[in-house]
Amino acid sequence: MAVVPKHGQNHNKYDPSQDLTVDQIHRFGKVANKVQKQKEEAEKHPSVFDNARERAFKPIVRPRPNKPNTVRYAIWLLVVMMVCLWIMYMSG
């Protein structure tokens with residue numbers, strides 16, 4: 001590990017005179033407002049890719065609200081049991 005000298009007490013303080021000028025602040029505000037409008041437009045009109053992604057993640061078999069999904073529970077139970085058996089086998 002390299003040894004470097006300690007930093008001195010020469011801390012640079014914040015200097016408001018070196019901050020953004022009025023013109024820079026106005027340009028930053030215009031660009032920020034333009035980007036915000038573009039984001040709002042993109043949310044209003046989703047692209048083809050967004051529509052395809054929504055269709056891909058849409059569940060094919062919808063669970064019934066008053067009936068528990070026992071098949072899903074059985075599959076997860078089998079997965080957990082297989083993991084436990086693997087851990088037992090690997091531990092000796």
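A salt bridge is taken here as a side-chain nitrogen of Lys or Arg within 4 Å of a carboxyl oxygen of Asp or Glu. The model is predicted, so local features need a pLDDT of at least 70 and side-chain atom pairs count only at pLDDT 80 or more, whereas totals for chains, interfaces and linings use all residues. Residues are numbered from 1 along each chain as its sequence is written, and side-chain values use heavy atoms, with hydrogens and water left out.

The protein averages a pLDDT (the predictor's confidence in each residue, from 0 to 100) of 84, and 91% of the residues score at least 70. Confidence is lowest in helix 2 (residues 48-57), at a mean of 85, and highest in helix 3, at 93. Helices are DSSP runs of H or I with at least four residues, and strands are runs of E with at least two, numbered from the N terminus.

Under the salt-bridge rule, the count comes to 2. In one, aspartate 23 pairs with arginine 27, their closest N and O atoms being 3.6 Å apart. These two residues stand 4 apart in helix 1, about one helical turn. Aspartate 23 is partly exposed at 49% relative accessibility, as is arginine 27 at 48%; buried means under 20% relative accessible area, exposed over 50%, and partly exposed in between (1.4 Å probe, protein chains only). The other salt bridge joins arginine 53 to aspartate 50, with the closest N and O atoms 2.6 Å apart. Both residues belong to helix 2 and are 3 residues apart, again about one turn. Arginine 53 is partly exposed at 40%, and aspartate 50 likewise at 22%.

Attention now turns to helix 3. This helix comprises residues 70-91 and spans 31 Å from first to last C-alpha, close to the 32 Å expected at 1.5 Å a residue, where the expected span is 1.5 Å times one less than the number of residues. Of its 22 residues, the number buried is 0, so helix 3 lies largely in the open. Tyrosine 89, in this helix, is exposed at 67% relative accessible area. Just after the helix, glycine 92 adopts a positive phi of about 120 degrees.

An unreviewed UniProt entry annotates residues 71-89 as "transmembrane region"; its positions are given in the numbering used here, feature names are shortened, and annotations may be inferred rather than shown by experiment. That stretch is 100% helix and 0% strand, with its end C-alpha atoms 27 Å apart.
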